[in-house]
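Please open the model in your viewer and keep the sequence panel beside it. The stops below go from a whole chain down to single elements and then to a contact between chains.

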Amino acid sequence: MKENILIIGGGAAGMEAATQLQKMGLTPIIVEKSEQLGGHVAQWDRLFPAFHPAKDVVEKMLNQVKDVKTYLNTEVTDIQRDDNGFHATLSNNEKIDAKAVILATGFDIFKAERKQEYGYGIYNNVMTSVELEKFFRTGHDARINNPKKIGFVHCVGARDVKVCNTYCSKVCCTTALKQACEIKEVFPDAEVYTFYMDLRMFGPGYEDLYLKTQKDFDVKCVRGRVCEVSEDMDGKLVIKAEDTLFGKPLKMTLDVLVLMCAMEKNKSIDAIQQKLGVANNTDGFMQNQDMYLGMNTTAQDGVFVAGACTAPKSLPDTIGEARSVATQVFNYINNK
Amino acid sequence: MDFGFCLSPSSHVKMDSVDLTTFNRLKETNPDINTCIACGSCTATCTAGNFTEMSFRRLLLMLQRGKEDEAKKMIQRCMLCGKCTLVCPRGINIRKILLDITR
């Protein structure tokens, strides 16, 4: 049993699925469009809720797939299907035959400039959560210059009809509190505010992180969405929000404003997804068969999905799905 | 002459100029003060709150939003029965904080 399984995407979902499939005696093949495996996690510094270095997890995953056939800087440009399975053409003109396809194409980050009222790309000191994470990883960002007051805005591009994203992006709340603690670690004298509507601490240890954020790091959580950002003459940011618990509007000057950008579907795979006959759900992510027992299968036999291509997901969610998709693929191959 | 017009002061809380001295002083002896999750249990159970505007949840916010005078006025409604402390899910020693504010 040496059937090829084509995995599109070499992030956490793709790598973990490949690891499990290889252990099951199948032959996974990863096609990754960027120059390295690891996806978004490889760009992250530390992981919530316990500030675990992302590098540790990524390196372990990379080590597990070192014998897996992997194409980097490569995209699937065409895919056909017949009675023998799938026939994919890659951007390097190679052809791959496979018995099943796993879409593990993950997510994109919401483009913060679309919420113009937050001033990203207009005011210098407005940055995204991804850029702040890069600061933690590299120690450099021209915008972060010994700030005294830092604000975080939750739900940027999520729970927002105006940008057509009505869903909750799931991980941003916990990420915001993690990053709020981390910025306090770097600048202990700074005042840190987060502006939230709900704090969705959905996982084990996440509520503990919230308590720690309040008690040990003295981060001030304000319930209310920032509605307006402007710049004063010194280049500082003036924000307006309602403190909805107090029932009064607030005005505050900040040195840095961090936008917690939502996950959106990675659209670079749309053409291939369409060829495979996989639809999108109402949130614009890929449609799986059902959310309880069919989360890894699609309307098309032999086409599987795993990770954040179907909805915003945390890393543990994604790894769980990757392991589950491997079982589904194994059963599919064996029952044939 | 009264034309029936007047200037309304801004209702914005100007966070840049809020005096946090009292709140920060309380925080030193009561670090739990930060851990309120605004669930409202203290207010719902409050003996005085059933008849007056007394609300500990709101009182904490007043201290953080520069309304110390209002907070001190509100605190006079408290009868120190301690029911709020019993119900607080964060285990905040509310009764002690109320006493410390008036000290």
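The tour begins with conventions and then moves from selection to selection.

This is a predicted model, in which local features need pLDDT of at least 70 and side-chain atom pairs count only at pLDDT 80 or more, while totals for chains, interfaces and linings use all residues. Residues are numbered from 1 along each chain as its sequence is written, and chains are lettered from A and ligands numbered from 1 in the order in which they are written.

**Stop 1: chain A as a whole**

Chain A holds 7 helices and 20 strands (DSSP runs numbered from the N terminus: H or I of at least four residues for helices, E of at least two for strands). Its C-alpha trace spans about 65 × 35 × 35 Å along the principal axes. Of the 336 residues in chain A, 44% are buried, meaning that 20 or more other C-beta atoms, placed from the backbone, lie within 10 Å of the residue's own.

**Stop 2: helices 4 and 5 of chain A**

Select residues 172-186 of chain A for helix 4 and 206-215 for helix 5. The two pack at an angle of about 40°, with their axes 10 Å apart; the axes are lines fitted to C-alpha atoms over the stretch in contact, and angles run from 0 to 180 degrees between N-to-C directions.

Now show side chains. Contact here means C-beta atoms, placed from the backbone, within 7 Å.

**Stop 3: helix 3 of chain B**

Switch to chain B and select residues 56-64, which form helix 3. How many of its 9 residues are buried? The count is 9 of the 9, so helix 3 of chain B is largely enclosed by the rest of the structure. They include B:Phe56, B:Arg57 and B:Gln64. Their packing partners are helices 1, 2, 4, 5 and 6 of chain B. Just after helix 3, B:Gly66 has a positive phi of about 75°.

**Stop 4: where chain A touches chain B**

Show both chains. The contact takes 14 residues from chain A and 12 from chain B. On the chain A side, helix 5 and strand 17 (248-254) each give two or more residues. Strand 17 of chain A gives the most, with 6 residues.

Notes: A residue is buried if 20 or more other C-beta atoms lie within 10 Å of its own, exposed if 12 or fewer, and partly exposed in between; C-beta atoms are placed from the backbone. Two residues are in contact if their C-beta atoms, placed from the backbone, lie within 7 Å.
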